[in-house]
Every structure is written in structure tokens, then in C-alpha cells.
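Let's take a walk through this one, a stop at a time. Keep the viewer open as you read.

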Amino acid sequence: MDILSSQTCVSCGRVFTHAASYTKHKKACQKGKRRLSSALEIAKKVWNQKRCRVSALDSTSEHTAFSPPGSAAEVDTATIPEPSSQISDDHTSLAQRRERRLNRRLPRRFQDFIPELPHPLPPAPPACPDDLPADPSPNPSHNSDGSSAAQTIVSRVQRVFSTQRNTFGLVRRYFSARPPSHDPDDPPPSQTLPDAPRRSDAAAAFYPYPNESAFRLGDWYWNQGAQKSQESFRQLLDIVGKPDFVPKDVQSAKWGQINRVLGHNDFDGEDAGWDDCDAGWKCTPVSIPVPFHSRTQNPGSHNHFTVEFHHRSLISILREKLANPQADRLFHYDPYELLWQSADGRQETRVHGELYTSPAFLEADQDLQNSPPEPGCDLPRVVAAMMFSSDSTHLTSFGNTKLWPLYLYFGNESKYRRCKPSCNLCNHAAYFQKLPDEFKDFVTTHNGPKTLTDVLLAHCHRELFHSQWRVLLDEEFREAYKHGIVITCCDGIQRRFYPRIFTYSADYPEKILIATIRNLGGCPCPRCLIPMARVSDIGKERDMLQRTLLARTDNEEYRRKITSARKFIYEKNYAVNYAKVEELLKPESLLPTSNAFSDALAPFGFNLFAMLVVDLMHEFELGVWKAIFMHLLRILDSMNKGLLDQLDYRYRQVPTFGRDTIRRFARNVSEMKHITAHDFEDLLQCAIPVFDSLLPEPHNSSILRLLFLLAHWHGLAKLRMHTDSSLCIMDHLTTAVGDGLRAFQLDTCSAFQTKELEREAEARKRRILQHGPAQPSRPTSSQNRDGRRPKDFNMQTYKIHALGDYAAQIRRFGTTDSYSTEPGELEHRTGKSRYTRTSRKFYIQQLARIERRQARIRRIRERLQGTATEAEAEGTVATSEVHHIIGKSQNLPVNVTTFVRTTAEDPATKGFVIKLKAHLLLRIKAMLGLDLGVPSEGDPVAGHLNHLQSVILKNDCIYKHNLLRINYTTYDVRREQDVINPRTEHCNVMFLSKDDSEHHFCYAKVLGIYHANVIYVGQGMADYRSRHMEFLWVRWYEMVGSEAGSTGSDTELDTVQFVPMAEVDAFGFVDPSDVMRSCHLIPAFSTGKLHSDGIAMSYCAQDGNDWKSYYINRFVDRDMLMRYHHGLAVGHVYAHENGLGSMPTRAPGADSTTDSQGIEDADDSVMAPDHHYQGDDVEEMLLEDREADGLDLEGSEEGGLSGNEDQLSDAEYLAMDEMYGLSEWLLD
């Protein structure tokens, strides 16, 4: 045996020849463990003698257990006494007597509230004639002056039914003669899935499929994606791998016949056996009269068979909708007024969101209820709110194949489901046709050698569009509009439904086609008659007044002008643009087209112009903001082309946020290639840090202010929930945006000689080559040199004018996301995916058949599975109810001793152990309800250091995790999730601030996500079992300059910077339960980087690429914006105390603890024994656990540490002191 290679245990004296044996022995050596226990006890005594000569411990409450999670009340760390009240200056060292800076960056306790279901309606009180109000009010909308709910606002026979106020202060108020019989917001009763149909019933259950195996395979093919992926392949494997899958059933299926039956429509002729509620497709020929003036070869009006129009009956779509049990359950029959009420009920404000809570819906419902009922009918009468959207789209990336679909949504369904394509609530109602190429041949036949003019072509295009709408607004629809249709709903109750058209979402070219007005004419707005010369007056008092006084209406005068103009054209054979026709129609930008909506619905009081709602995506993101952004690029290009390169660099440095909220700016944004509406939204939200200091003053400040106003207005315009208070802010902001745009044009734009961008000049040249010059112009000197023309900023556009209508439209129809064109744009993907299954010839009929196949297969599946629960319908999961999610694995252990040793020179780990134990001790004592006379983690020396010895990390390890998921309640009372990853840009978080400053939040960068198995052996302990405690290691930010601006009144973003590493509280630990959510910090590029050489001072902090300061992007998403409107968001209960009124401090049924998310029994979760102990076995097990943890607790008092073996030498003590780095940090 080689003596030189042997190793001896210093505790028991055993000699080992192999290193592996020696290492294994060290972990199990009982003498070594007792020696370590004694050393810790001696170290504690020495430490107390040298550093902590303090008064006797304060008396504590008689707690006998380290309580499990969920047993302690919320404790504010602000109750920690000052160090001077606990330490006597006569018996303390110099380091202890020094005045130290308290950690003022510790967050305030944050409590998350889970969205709860609304309270059920109270039972209906018995009707009494004396209770009927005498003076009905004509308007059911909430009175803006905050009048009581007892105020009568409905007809004489109607009553008011209100729900109780929930945790968030929301109250639903119904106006009807009886309480609602159907409440979609209530959860359905628990239902068991129906049993699988017997083989004998398979033909009826799976019709037209012969059996379940064939149905599952057909469902996979038609409804699980057109382009099969690995996920769809796994779905196929799941289908064929089920025990009940029978290959013979699939082989015997007649797939061609099944697909023909599934895709059967009315235009196919024979009956396929579908019920009457199935809204199949029809094919109707459409012809239009083509006018030829008197100077043509064949004057007069000649009918031209133009197209075959594929469509579905609107009434059949409604019947099919209500025949679906799941759709019927979530269909709101009764509108209600949603109010946000204070705790005492004295203050309330109206909440705007869904269409079925809007004044437009309430007024339509009141008019219906107040109208005379049908003779002999006492059925409940319900408004079926129809919302249309249409837009032409390309079906292929290359080629000219197009589709012009008409989408129908029902406003009785929640927008949160209606606007999600995966919910399949969009109904394809029709596929519009355009004039075919053969139409030119028809015109040439009657027109002679004269070519087809653009005026006649545009007129015939409008005539064809409205002729197709006349087919949709047929006699059946008009009859239902007037008298309603009786439908037996899935709850067995018969109701009479009245279809009503509320909104039509379209871009500007289609709006003017629907409204039959001129494109950018003298009065370009489809909703008002404000002339083009005054559209730039947005925000002025006169402009806001004229929008109401000059509103377009479908009245007798309007219809008389159209009729007179058409007589000139079709009876007197005048040209479409004849002078008398222009004189009659041009002042109001009208056109001689008979409007289908006016012809069909004007007798019922329908105003077609009111349904043309605003469009945020096309009017602002792709309109106003795009124009401003491009002109800012022209300004930078006019100064120095290198500024565009700097702009591109800054945008590429902007960090991402969320899953796809802010995406990476990979391309050079100045080139404007392949930029979508989502990209322009991201450009605006991140524009302020990017444009900062690119231009000289005063233009820099002016542009930054304009960008702030635009981003703020855009954030409010796209909110999914508004209140009267937030709409008042939006009104003032609209005025500020108008003033800012006019100042930008007058002061900034006039100071620069701007020209077309290179891409604009190239695009203009391509247009000239393709279509010829619009009008010959003499080139300027600047154009001769580089071919670019001068370009100014234009405010005379409809899209700028439309910004003034948003607040009024939200008050009328609810928030803009309910009727935006974005859901229609997303639905285009469905048509494009279906097109890949067609033969590319006569594809419209094939698209109609595919639509029916998919809809009927979904109906079969839903009938077999039963009604989905609300959680399934909303796509939520149970895990969203917890505040945060951190993994439970212990695969990444970090030995604290080794970590502190290896990073001894790193400023980030200065006092790492002391800060961590102080943080854990504070949380433990808060759980136990003990006196918090302990130091904060930022200043642990000021109190009793021996308290920290009662916190023991099991195995001296903490366990690292890669991800932290934060679930939070949004401003509109929904649940969302942020993912925190310290290794990526998604590492910044925000907390509630303890300071009384106007800025309500504090910010930190997460350096690590950990949990530890903590043993507490101090006062109040019960046993020595470890507890699972989660914590975050963070680096704090501090505010730069003024901390104002949290109310949204200022026009500058708040800025922060890292706390200098020399500060004691630059780094610290926080409870994950206190994290509010992730935040988006953008570098302040104008200030430069913190380290010009890129060399980091701290390996743990990774500060080599840090910037000197950062902008807090409050516009990154809707919820973030409302957090800076403190007290105005319904879902932010923590801010209600300074908002509407006094809000409850705890949700009903919520756990009473605030730390329940981060602490649990680690021994139960990690070890989880399979057997139970009783009697003496329990004591033996506890003793084994204590010995395994390296503790000898025999003879200890009050659970303290006791050692009676070896004494700790000075050298050993100094080694431990150096290991934890305590002396150097304490004396700093």
C-alpha cells in the first residue's frame, strides 16, 4: 500500500486508499457531523461576543409551530423598528454604531386577485302596480352624473335587476320586465360525457360516416390543419393507436360519397338529409343594368348577366347558431349595463367593452321591448346583433387569385371568443364577385369604338356590389327584421329573435363602396359631411361639434337626390358624370348608386352610415402612424443619411417582450420592407428611445412629445375595457394629438427640405412604367440630380380626421377590438388554407363545400363530446389561478459555500449569505406572526445577527431554476402570463413600491431564480423539517430625475438606472409572490453604454453591455399602460384605494396568507415516503433527519444548536469567516 496516496479522516481517524471511498465516508461520518455542529455553535458564540453585544431578546409570542403555507396574515415590512432602538451604543462595535442606509427598494406586499364569476341575479320580486314607475326615461344608458340605480330609465312595464357587487366592483344591471332566464356568464352544471354510441346507432350518431373510426380519421383530415405537421402526425398516431380503432371500418368507408354528403349545398339540387337548421350555400345569378349615354352606339340601359353569387341565408345562419348547444349557451339574450361601483355603492361609472353592454344594444333592445308585440304572441323578444366584415384578399403569394369574403359575427357572443379564429365563431356568409373580364366585351358591343371609361367601370362595380347585397337582404331577412323569427333554443324555451345590423368593419375603399360616396371627395368621411379643407381640425371644439351636427343620415332628402340622379342616367340617358348629376351629388360627395341597405332597411329607421365604424388597424397603424414615421425618415434623410443607419441600429438593439408582443427588429426598418400592421405597432411603442437626440433641439423635444402622445392615444384606442373616466382622458388626449400634429407640420416639417425616400421614388417609377404618368409635371432641379421629388407632410386626409370619432364610437358600440378589421384579416387564413385543398378551378364552389364539411364535422364532434365547460371555451387552465410557477426539480444545486468562495471578488455576491438569510428569516417570522425585530436584508448588521443563525439551508444548497412564470390579472379582469428568464432579455420585473412617491412601482433585473429547503430552529419552531421556499436574486434599478409621470399627465417616459454596485442594497432577494409582472426596459441610446470597453465588473451581473439608463416602456401592452393610470383599471384591485373608491382587501374565498405561493413542505414534496410512522418510530425518524442534516440537538434548549465535542480554533473560525465574506462586508 502506498502511504503517500492514502487519506485520513480528521474526525474519526480512519485511513482510506481510494478517493471515492474517502469522499463517501465524509458524507456519512457521524463524528464529522457532530464536530461541524460544535464548530457552528462555537462560531455563533464567538460572533456574539465580538460583534453582537446586545440586550436580551425581546419576548415573542407563544407560537409552537413553523406554520405550513397559508396560515399567516399579510405583514408589511415597513414595521421593522429602526436599529437605533435596539442596539446600545455603549456596548457595540464601531461598525454597528455606524449609521447605515436602509434598503428603500424593498417592494410592498402584492396580492393578486383571481377573476371570479359574476354573482347570480337575485330572484325576481313580485310585480306590483304601485311599483311601476310613472315617467319612463327614453335612454337606458347610465346617467353620467352618477344617479342611483333606482332612477327609472326604461319603459313603464320594465324593471331593474342588478347583481351584487363582486370583488372587482363590477355590477350588471338589467332592464326588462322579467329577470333574464339565461345567463351565459354562469358556469354550466357539471355534465358527464355521453356514452359512446352502440354499433347499431353508429349510422345516426356519425352520419354520414359509418362508424367512429371513420369519423375520427375524417375529422383529422378536414379540421386539423390543411398542411400536416409533426403535431398532426402525432394526432394521427393517437387516433390509430386507440384500442377502439378498427382498421376494417376505415377500409370499408366510402370516402368519396361521405365527402359529397358533407359538402352538399342547396345549389347541388338533391336532398342530402341535413336538417332545416343547416345553413347551406346557395348560388344566385346576379345581373346589373349598364347605362349607355345618348352618344354611344346603343344608348339606354341594358341588363348584363354578370356573375353567379355564392352566399348563405342570413336567417339560416342565425338558426344554425342557436341550434348549436355550445353556441346557444354562450349567447347573450338579454343585454345589460356594466357598472364599476365603489364598495359603499355611492360611486359608480360605466364600463365599456362588449357590444351587448353598449348603449347601442340597450337602445335597440328597449325599442324592441317597447314596440307592440306580435298579435297573440307573448314569447320573449331578443335582439340578434349582426356584425359584418368584408375585405378582399389574395389566396396565393404569387398570381392574381383573389377572394372577397363576407364574414358575419354575432355581437351577442363575447368578443374574447368571437375574435379568436380557433373558436370558429366567424360565419362565412358570402363570397362577393367582381366584374369579370368579359364585361369589357359587353360594353364594347353597345359602346362602339369608344373605350370603357373609368367612371362607367367604377359605377358598374358599385352596382354589382349592392346587387349582391340585395340578394342577402332578401324578403326573408326583411320579414324577420320586422316581425322576428321564432326559434326553440337549446334550453327548451321558445324566443322570438329580431336581427339587427350594428357594425360593418372595412377599410376606407370598402367603406366608401358601402356608403356609396366618392373616394376622397369634397366630404371624404362616410359618417359626417365635414369638408376636406377642415379634416385637419381634429381635436378642436368646432370640429367635435360639427361631427354631430353634420352627421350623415339616410333620410328622405338623401334618397331623393339619389333617385333624381338615377333618372338622369337611366331614363334620360345622361352620362354617369353628367354636369347636372355632379351638381346634384357632388356637394355631399354622393354617387348615383342605389344603396341596398337604404332600399331594404330605411323603412325600419335604419341609418346605414352609423354602422360604418372606425378601423384602428388601417386608419391609424397603417395610416396616420405610417405617414408620420415615413416623414420622420425623410427628415433624417434630409439631414444626414447616416442617421437612418443609426436609427436601424437602435431598433435592432430594442429587446423583445412577451411571446410576440414586441418582436425582434431583424431587418433595417428604414427600408420599409415586408412591414405589417403589427410591425408598425411595435415601431410606435419603441419609438421614443430610438428617436431621442437624433435631431437637434427644439425639434427633438417636439418629436418626442408627439411620439408620446401618439403612443398614448394608440394605447387607449385599443383597450379592451374602458370606463367613463378613461374615455375622458382619451377625449383630452385627442385634442392634444391634433395640436401636436399641427405643430409638427407647422414648426418641424417646415424646417427641413424633405424629399421622397429612395423606395418611394422607385415605386413611383414602377407605377409610371405600368400605368403611365398621372399628370405631366416639370422636373425640379433636385429631381434632376437624384430623381426624387420634394415630399411634404399631408394632414388633409380622412384617416387623421377619423381619430376624432374613436371615443364617441367606443361610447356607442363598445371598445374597438370588438369591431376591428383585425379578426377579419386573421380569418383570411382560413380561406387560404381551404384553397390549397381545391383544384384551383371553380374554386369558390369548392370553398363553399369545404366550409360545410368542416362545420358539419365540428357539429358531430360537439354532439358526441357534450357541452364544453367555460374554461375549455375560454382556453384557460387551472394553473392560471396561482400567482407564479417555479419548477420543483433539484437538478441544478448550488452549494452556497462554494459559490461564495468562487465569487469572492464579485461585487454582486457581497454579503450574499447574510442578505439571503435575512430575507428568509423575515418571511418566516411574518408567517409565524412573530415580532419583526430583525434586520432587513439590505441592513442586516443593525439588528440581532444571532437571529440569522436560526435559518439553516439544508445541505448548504440552493437550487437554481431557469424560468419563472408570473400569472397576473389584467386591467380587463382576465388572466395572462409573463415568462421570466434571467438568461435572456426577459429578465426585468416590477413591484409595488413602498415609497410614498408619485411613481408607484420599483424595478429590478432578475439574476437568478432559486428555491431552498430551509430549516428554522429559532423561537416559534415546532420541528426540524425543511420547508420549500422560493426566492429571486435581483439587481435593483433606481429612478432617474423626477419620479412624476405615473398618472399619464406628462409627456415623457420614466427612466431608471442600475443602483451603483458600491451601494449596500444594489443587490438583494425578493419573494416571487411580490412580483407584479414583467416589464419592458429599452436602453436610453442617447446616454450611451455604462462601460465603453464592454468589460464587465461583475460576472454574476453580466454588466458588460449595460447602458447608463433605460426607458420604462409603459406602452408595451394594454395592461402595462393601465398600470400607469393608477386607480382607473377595473382589474388592478391593488390600486382601487386611490381610484374609484374603497375596494376590498381580499377576494372572497381567497387564502389568508400572502406567502403561500413560495413556501411549502420540502420534505413532503421531495422525499414523499411511501409508508407512515407511528409512536416511537416518529421520534427515531426525526432524530435521523437531524443527524443527516449535521445537527446534534440532544440537550439543546428551545431548539438551539449545541456542541460539546471539539472546540473551534481561531484559525478554523477565521477560515469560516473568510468563506462567507462577512467581516469585509460588515466593515465596508
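Start with helix H23, residues 677-685, where Ala677, Phe680, Glu681, Asp682, Leu683, Leu684 and Gln685 are buried. That makes seven of its nine residues, so H23 is largely enclosed by the rest of the structure. This is a predicted model, by the way. The cover over the buried residues of H23 includes helices H21 (616-639), H22 (642-653), H24 (687-691) and H25 (699-717).

Arg634 pairs with Glu760, with the closest N and O atoms 2.7 Å apart. Arg634 sits in H21 and Glu760 in helix H27 (residues 758-771), so this pair links distant parts of the chain, 126 residues apart. Arg634 is buried, at a relative accessible area of 7%, and Glu760 is buried too, at 13%.

There are 50 salt bridges in the structure, so let's pick a few others. Glu337 and Arg173 form one, their closest N and O atoms being 3.9 Å apart. Glu337 lies in strand S8 (residues 337-341) and Arg173 in strand S5 (residues 170-176), so the pair ties together parts that are 164 residues apart in sequence. Both Glu337 and Arg173 are buried.

Next, helix H31 (residues 822-835): its 14 residues reach 21 Å from first C-alpha to last, close to the 20 Å expected. Which of its residues are buried? They are Pro823, Gly824, Glu827, His828, Gly831, Arg834 and Tyr835. Look down the axis of H31 and these buried residues fall within an arc of 155 degrees, so they line one face of the helix. They pack against strands S10 (381-390), S11 (393-394), S12 (402-410) and S13 (427-432), plus helix H32 (843-865).

Finish at an open sheet of three strands, ordered S17-S21-S22, with antiparallel pairing. S17 (884-885) and S22 (975-980) stand at the edges with a single partner strand each, so one side of each has no neighbour in the sheet. Two bridges join S17 to S21 (residues 964-969), and Ile966 in S21 is the bridge partner of His884.

Methods. Residues numbered from 1 in each chain as written. Predicted model: local features only at pLDDT ≥ 70, side-chain atom pairs only at ≥ 80, totals over all residues. Heavy atoms only, no water. Helix = DSSP H or I, 4+ residues; strand = E, 2+ residues; numbered from the N terminus. Expected span 1.5 Å × (residues − 1). Buried < 20%, exposed > 50% of the residue type's maximum accessible area, 1.4 Å probe, protein only. Arc of directions from axis to C-beta. Contact = heavy atoms within 4.5 Å. Pairing = 2+ DSSP bridges. Salt bridge = Lys/Arg side-chain N within 4 Å of Asp/Glu carboxyl O.
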